[in-house]
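Please look over the chain shown here before reading on. The briefing is meant for someone who meets this structure for the first time.

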Amino acid sequence: ASAIFSADKKSLHFFSSKFNRYAMVDVETGQRRQSFVLEDHMRRAIAPDDRRYVTGNRQGRLSLCEMESGACLRDFSGHEGPVSALAFSPDGETVASGGGSDYVVRLWQPEFGRLLRTLRGHASGVSFVTFTPDGAALLSWGSDHTLRMWDVATGQCRWVNDTCKEH
């Protein structure tokens with residue numbers, strides 16, 4: 001399960017992977033505002049505007065959905081195997097997805113399902129992605145125990161940190 005506060009901090013978005021459900025809860029009253037089934041989606045990320053979210057499934061498919069209704073706006077694919085990490089850029093214009101089986105990070109234009117670039121460098125599955133606050137760089141963490149910083153505009157790896165590897 002995972003939860004994140006809405007941009008206005010008045011709602012809590014709650015995702016249960018065990019029950020494949022989403023719920024939005026009013027923080028002040030605890031009342032559920034909406035809920036729906038998420039189908040077969042392993043990972044999810046909410047856009048900064050709280051109007052859309054993206055999910056990734058075990059087959060490598062991503063879905064851009066409308067937050068209010070849960071309706072799918074667009075499906076797009078690119079990973080060979082499960083989507084293991086997802087994040088929206090701070091401006092909501094780019095989605096980063098990490099592959100658990102193909103060891104790559106992909107950057108997408110979610111409104112069109114268009115692949116912008118593929119970032120290669122991890123030696124095993126990518127388990128975490130997040131954008132820097134200005135959206136100019138992306139951090140990825142892999143099962144190879146490396147943290148990588150990528151330039152979003154060029155796709156170049158800025159640096160690799162492997163201090164978490166066992167020595």
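Predicted model: local features only at pLDDT ≥ 70, side-chain atom pairs only at ≥ 80, totals over all residues.

Residues are numbered from 1 along each chain as its sequence is written, and side-chain values use heavy atoms, with hydrogens and water left out. The secondary structure comes to 0 helices and 16 strands, where helices (H or I, at least four residues) and strands (E, at least two) are DSSP runs, numbered from the N terminus.

**Overall form**

- The chain has a radius of gyration of 16 Å, which agrees with the value near 15 Å that a compact globule of 167 residues would have; the radius is taken over C-alpha atoms, and the globule rule is 2.2 Å times the number of residues to the power 0.38.
- Taken along the principal axes, the C-alpha atoms fill a box of roughly 50 × 30 × 30 Å.
- Buried residues make up 46% of the 167 residues, with buried meaning under 20% relative accessible area, exposed over 50%, and partly exposed in between (1.4 Å probe, protein chains only).
- Of the contacts with a separation of 6 or more, 28% are between residues 24 or more positions apart, a contact being heavy atoms within 4.5 Å.

- Strand 2 (11-16) and strand 3 (residues 21-26) run antiparallel and are joined by 6 bridges; two strands pair if DSSP finds at least two bridges between them.
- His13 has Met24 of strand 3 as its bridge partner.
- Strand 3 also pairs with strand 4 (residues 32-37) in the antiparallel sense, over 5 bridges, and Arg21 stands opposite Val37 in strand 4.
- The hairpin of strand 3 and strand 4 has 5 residues between the strands, and Gly30 there takes a positive phi near 80 degrees.

- Strand 15 (residues 147-151) is joined to strand 16 by 4 bridges, and Leu147 has Asn161 of strand 16 as its bridge partner.

**Nonpolar cores**

- The largest nonpolar core has 12 residues, among them Ala85, Leu107, Val126, Phe131 and Trp150; such a core is a set of buried Ala, Val, Leu, Ile, Met, Phe, Trp, Tyr and Cys residues joined through side-chain atoms within 4.5 Å.
- Strand 9 (83-88), strand 11 (104-109) and strand 13 each supply at least two residues of this core, and the largest share, 3 residues, comes from strand 13.
- Apart from this core lies another, of 11 residues, including Val54, Val83, Leu86 and Trp108.
- Leaving aside its neighbours within four places in sequence, Val126 is in contact with residues including Ala85, Tyr103, Val105 and Trp141.

**Loop residues**

- Ser6 is found in the loop between strand 1 (2-5) and strand 2, and Ser6 counts as buried because its relative accessible area is 4%.
- The side chain of Ser6 makes a polar contact with the side chain of Asp8 (2.5 Å); a polar contact is a pair of N or O atoms within 3.5 Å, where within protein one must be able to donate a hydrogen and the other to accept it, and residues adjacent in sequence count only if both atoms are side-chain atoms.
- Beyond its neighbours within four places in sequence, Ser6 is in contact with Ser11, His13 and Asp50.
- Asp50 lies in the loop between strand 5 (41-46) and strand 6 (52-57), is buried with a relative accessible area of 18%, and has a positive phi of about 65 degrees although it is not a glycine.
- His145, in the loop between strand 14 (137-142) and strand 15, has a positive phi near 65 degrees and counts as partly exposed at 39% relative accessibility.
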